[in-house]
Amino acid sequence: MTDKDLTNRKFYRAGEETRFAEGVPERTPQTAHPAYKLAFRDTDFLLRDELRPVRFQLELLKTEMLLDEARVGSTMVMYGSARIPSPAQAEARLEAAQQGSEYDRKVAQRLAEKAKYYDEAYKLARMVSEKAIIEDGKRQFVVTTGGGPSIMEAGNRGASDAGSESIGLNIVLPHEQAPNPYVTPYLSFQFHYFALRKMHFLLRARAVAVFPGGFGTFDEFFELLTLIQTGKMKPIPIILFGKDFWTRVIDFEALAEEGTISKADLDLFTWCETAEEAWASIAGFYELSED
């Protein structure tokens with residue numbers, strides 16, 4: 001292209017301008033001062049309270065653009081506890097708990113009883129990933145988790161063992177946290193804002209599998225229910241693993257009987273115990289082959 005080409009850019013790109021700015025050899029009091037930095041290269045400026053709306057936009061755009069570039073059309077999201085051990089870990093935790101209090105032993109026993117859901121999360125993720133559904137040139141039902149340990153690890157591991165890529169949406173927390181090793185590196189994202197992270201969980205979701213969990217899982221699950229209940233989001237399959245757990249910690253029937261939700265709201269989710277049941281429900285919703 002020449003400068004007279006009608007399609008040629010007439011302005012330098014931001015990356016080129018950055019190289020120009022950083023390549024100036026002369027250092028003066030003016031160029032050394034933070035005020036002189038290009039605004040988008042000034043981290044201290046971007047971290048100011050007044051720039052929160054810009055940071056919101058950046059967290060929305062970065063993940064959205066990279067998932068588009070990765071040809072991710074839709075996702076199967078997996079919510080669940082970061083504390084449930086794998087079956088291989090459960091016995092060791094039970095033994096360690098014998099040195100603790102009766103409460104410690106009771107908790108360890110209950111967690112061990114839920115270790116089976118690590119296997120079911122793994123199987124579901126592997127099963128869906130092996131199907132490798134492509135539609136409109138994009139990958140469908142790409143496994144997506146919070147990127148952490150336990151149930152989340154099982155989901156990413158299942159996809160990895162199927163030879164497929166999977167997504168991890170991590171969140172910055174005060175205590176040390178790193179993505180589990182099964183998340184595809186270029187699909188491993190980190191968020192500052194819970195709100196933006198939860199938005200990305202659902203923007204491409206075409207099915208959500210919810211396993212036993214704590215406050216975080218409750219938060220994600222109930223927000224999803226609220227979005228569909230209020231009509232802000234179109235219905236998708238919500239698969240709830242572990243009826244014994246959920247009916248023990250939440251009395252769904254009582255909510256309906258108290259009139260704070262309608263009886264029909266109890267049909268927003270489907271109970272299941274196995275990966276096979278979960279996929280059958282998802283396939284039935286979308287009229288897909290179960291094979």
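A residue counts as buried when its relative accessible area is under 20%, as exposed when that area is over 50%, and as partly exposed in between. In this predicted model, tyrosine 193 has a relative accessible area of 11% and is therefore buried.

## Tyrosine 193 and its surroundings

Tyrosine 193 sits in the loop that runs between strand S6 (188-191) and H9. Leaving aside residues up to four places away in sequence, tyrosine 193 touches Arg52, Arg55, Phe56, Glu59 and Ile171. A further reference point is phenylalanine 269, which is 76 residues from tyrosine 193 in sequence and lies 27 Å from tyrosine 193 in space, C-alpha to C-alpha.

## The protein as a whole

The protein is built with 13 helices and nine strands, and its C-alpha atoms fill a box of roughly 70 × 50 × 45 Å when the box is taken along the principal axes. Of the 291 residues in the protein, 38% are buried. When contacts between residues at least 6 apart in sequence are considered, 68% of them join residues at least 24 apart.

## Selected residues and their accessibility

| Residue | Relative accessibility | Class |
|---|---|---|
| Phenylalanine 141 | 7% | buried |
| Tyrosine 193 | 11% | buried |
| Serine 160 | 33% | partly exposed |
| Glutamine 98 | 45% | partly exposed |

Glutamine 98 is placed in the loop between helix H5 (87-97) and helix H6 (102-113). Because its relative accessibility is 45%, glutamine 98 falls in the partly exposed class. In sequence, glutamine 98 and proline 235 are 137 residues apart, and in space their C-alpha atoms are 45 Å apart.

Serine 160, by contrast in setting, has its place in helix H8, and its relative accessibility of 33% is why serine 160 counts as partly exposed. Serine 160 and proline 181 are separated by 21 residues in sequence and by 9.7 Å in space, C-alpha to C-alpha.

Phenylalanine 141 lies in the loop between strand S3 (138-139) and strand S4 (142-145), and with a relative accessibility of 7% it is therefore counted as buried. The backbone of phenylalanine 141 also deserves a note, for phi is near 55°, a positive value in a residue other than glycine. Alanine 132, found in the loop between H7 and strand S2 (134-135), likewise has a positive phi in a residue other than glycine, here near 45°.

## The pairing of H7 and H8

The axes of helix H7 (residues 116-131) and helix H8 (residues 151-161) come within 7 Å of each other and cross at roughly 35°, and the crossing of H7 and H8 is right-handed. On the H7 side, the residues that meet H8 are Tyr117, Tyr118, Ala121, Tyr122, Ala125, Arg126 and Ser129. Their partners in H8 are Ile151, Glu153, Ala154, Gly155, Arg157, Gly158, Ala159 and Asp161. By class, the residues of the contact of H7 with H8 comprise eight nonpolar, three polar and four charged.

## Pocket and cavity

Rolling a probe the size of a water molecule over the atoms shows where empty space is left. The largest pocket contains about 1300 Å³ of space. It is lined by 41 residues, of which Ser81, Arg83, Pro212, Gly213 and Gly214 are the closest to its centre. At least two residues of the lining of the largest pocket come from each of strand S1 (75-79), H6, H7, helix H9 (194-203), helix H10 (215-229) and helix H11 (243-249). H6 gives the most to this lining, with six residues. By class, the lining of the largest pocket has 18 nonpolar, 10 polar and 13 charged residues.

About 30 Å³ of space lies in the largest cavity, and its lining consists of Leu67, Thr75, Thr144, Ile167, Leu169, His200 and Arg204. These lining residues of the largest cavity divide into three nonpolar, three polar and one charged.

Terms used. Residues numbered from 1 in each chain as written. Predicted model: local features only at pLDDT ≥ 70, side-chain atom pairs only at ≥ 80, totals over all residues. Heavy atoms only, no water. 1 Å grid on protein atoms, 1.4 Å probe; cavity = no way out; pocket = protein on both sides within 12 Å on 5 of 7 lines; lining within 4 Å. Points joined across faces, edges and corners; volume = space filled by probe spheres on them. Nonpolar A, V, L, I, M, F, W, Y, C, P; charged D, E, K, R; others polar. Axes fitted to C-alpha atoms, helices over the stretch in contact; angles between N-to-C directions. Helix = DSSP H or I, 4+ residues; strand = E, 2+ residues; numbered from the N terminus. Left-handed = near helix turned anticlockwise from the far one by under 90°. Contact = heavy atoms within 4.5 Å. Buried < 20%, exposed > 50% of the residue type's maximum accessible area, 1.4 Å probe, protein only.
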